Amino acid sequence: MVNVTYTIGDPTLLLVLALIFGFIGFKRGWPKELLVTGFLLLGLILVGFEFDFLANIVNRAWVFFLFALTGGLGSDNPSQVLQQVRGTPLVTADNAPTFTFLVLVLCAIIGYILGERRYKALKGSYNHIVGFFAGLLNGFLIGYITLSRLYLPRPNEVTQVILPTGSLVAILKDYWIYAIVGAVIVLIVANLVRAQGR
Amino acid sequence: MNPIEILFFTIVLIFAAIGVVRGFLRELGATLIILVAIYIVADLLDSRRLLATGVRAVNTAYPNPIAGGLDRALSSETILFLLYTTIIIAVTFMSYQGDTLDFKGKNPPGLSGAFMGGLVGAINGYLVGGTIWAYMDKFGYPTKELGLIRPDLLSSFAKMLISYLPIPMLEPLLLPLVLILILLRVLK
């Protein structure tokens, strides 16, 4: 039995994410994908240049929320309660990367939802090709943001996947070419069946 | 890379480009005819030594019958290589020329149609170029007599590619592949 060790680092994850989002972009078309790109860039600008402003708004809203939860102006001593809840802000230096990540994810989700509602699917290869590249860009941005913001404190960590797959490796080594031939045949037959309208 | 790999991949690319223009269904018709030709050459003529026996007999009785103006006799291997290559090229030409054996249906539209046409065209190029190369290798590169492709100058990449050419790799699959394509052609 041979153990196979796969090391997954940041570049691999970034590439996989970009390809996944590229495929999504290929299916969705370019107008929807570019809207997501726009929202992601907006999110990057917000957290890049206006982070303090954004964190301040969220913390104020959080204070009001806590104040209302603890009785608000109807409590016995509102000023004391207000002082107390001010001491527990939501966004702190410790959780700033997580907050940044959530803001960007929220932007991406808004972009995806608006894109689905606003634009109808276009036809033509141009739509899909540009959509693929826009999707790649989105995947890269989302991956980059995730890796750089969420995992910033641990930049050198990698994931190692160790599979005890000696027999599988041996089989694939001997017959991989026949697997490719089989896959090509399946692809041709599927397209032929579709072309003949069966 | 040495010239033989470049030549091989150029043939594959040219066939792929032709495939993009002609379309997936017409290319698949050519694939069927080329596969039949390779099956006849590889399994019926070469493996059963039908042609080899005849060529060797003729070459022994009448040395150099087709050498023409050459100052030395052609070996039986060279003659066999030329015959097999001529058969493959002639059948390929016929499969592309004039009324062709098209598969019925409508080509996939747009990019997927171009991709499938290119893919099947590239497969045809691989079958034609690869079969000629495989026989060239089997008969000890007769082209070396003309100073064209010498086996001692093959790169390691070329040597690795030889085991993936149609004759060594696909020979056991030739008949099933022909049958599958014939079934797909006739089934409605």
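Trainee: Let's start where the chains meet: how many salt bridges does the rule find across the interface of chain B and chain A?

Mentor: Keep in mind that this is a predicted model. For salt bridges between chain B and chain A, the rule finds 0.

Trainee: Then what does the contact consist of, and how many residues does it take from each chain?

Mentor: Chain B gives 23 residues and chain A gives 17 residues. Together the chains bury about 1700 Å², and 78% of that is on carbon and sulfur atoms. On the chain B side, B:Leu111, B:Met169 and B:Leu184 supply 28% of the area buried against chain A, more than any other three residues.

Trainee: Which elements of chain B give two or more residues to that side?

Mentor: They are H2, H5, helix H7 (166-170) and helix H8 (174-186) of chain B. H5(B) has the largest share, with 7 residues.

Trainee: Now the inside. How many residues does the largest nonpolar core have?

Mentor: That core has 61 residues. Those with the most contacts inside it are B:Ile4, B:Phe24, B:Leu28, B:Trp133, B:Tyr135 and B:Tyr141. Helix H2 (residues 24-47) of chain B gives the most to this core, 13 residues.

Trainee: Let me pick one of those. Leaving aside neighbours within four places in sequence, what is B:Leu28 in contact with?

Mentor: Its partners come from both chains: A:Ile188 and A:Leu192 on one, and B:Phe103, B:Val120 and B:Leu181 on the other. Apart from this core lies another, of 18 residues, including A:Phe21, A:Leu40, A:Phe51 and A:Ile142.

Trainee: And how should I read a pair of aromatic rings?

Mentor: Such a pair is described by the distance of the centres and the angle of the planes. Over all chains, a search finds 10 aromatic pairs. Take B:Tyr84 and B:Phe139, a tilted pair at 5.9 Å centre to centre with 40° between the planes. B:Tyr84 sits in helix H4 (residues 76-96) of chain B, while B:Phe139 is in the loop between helix H5 (110-138) and helix H6 (156-162), 55 residues apart.

Trainee: Which residues do ring pairs link into a cluster?

Mentor: Look for B:Phe8, B:Phe9, B:Tyr126, B:Trp133 and B:Phe157. You've met B:Trp133 already, among the residues with the most contacts inside the largest core.

Key. Residues are numbered from 1 along each chain as its sequence is written. Chains are lettered from A and ligands numbered from 1 in the order in which they are written. This is a predicted model: local features need pLDDT of at least 70, side-chain atom pairs count only at pLDDT 80 or more; totals for chains, interfaces and linings use all residues. Side-chain values use heavy atoms; hydrogens and water are left out. A nonpolar core is a set of buried Ala, Val, Leu, Ile, Met, Phe, Trp, Tyr and Cys residues joined through side-chain atoms within 4.5 Å. Buried means under 20% relative accessible area, exposed over 50%, partly exposed in between (1.4 Å probe, protein chains only). Helices (H or I, at least four residues) and strands (E, at least two) are DSSP runs, numbered from the N terminus. Contact means heavy atoms within 4.5 Å. Rings of Phe, Tyr and Trp (its six-membered ring) pair if their centres lie within 6.5 Å; planes under 30 degrees apart count as stacked, over 60 as edge-to-face and the rest as tilted. Buried area is the accessible area (1.4 Å probe) that two parts lose on being put together, summed over both. A salt bridge is a side-chain nitrogen of Lys or Arg within 4 Å of a carboxyl oxygen of Asp or Glu.
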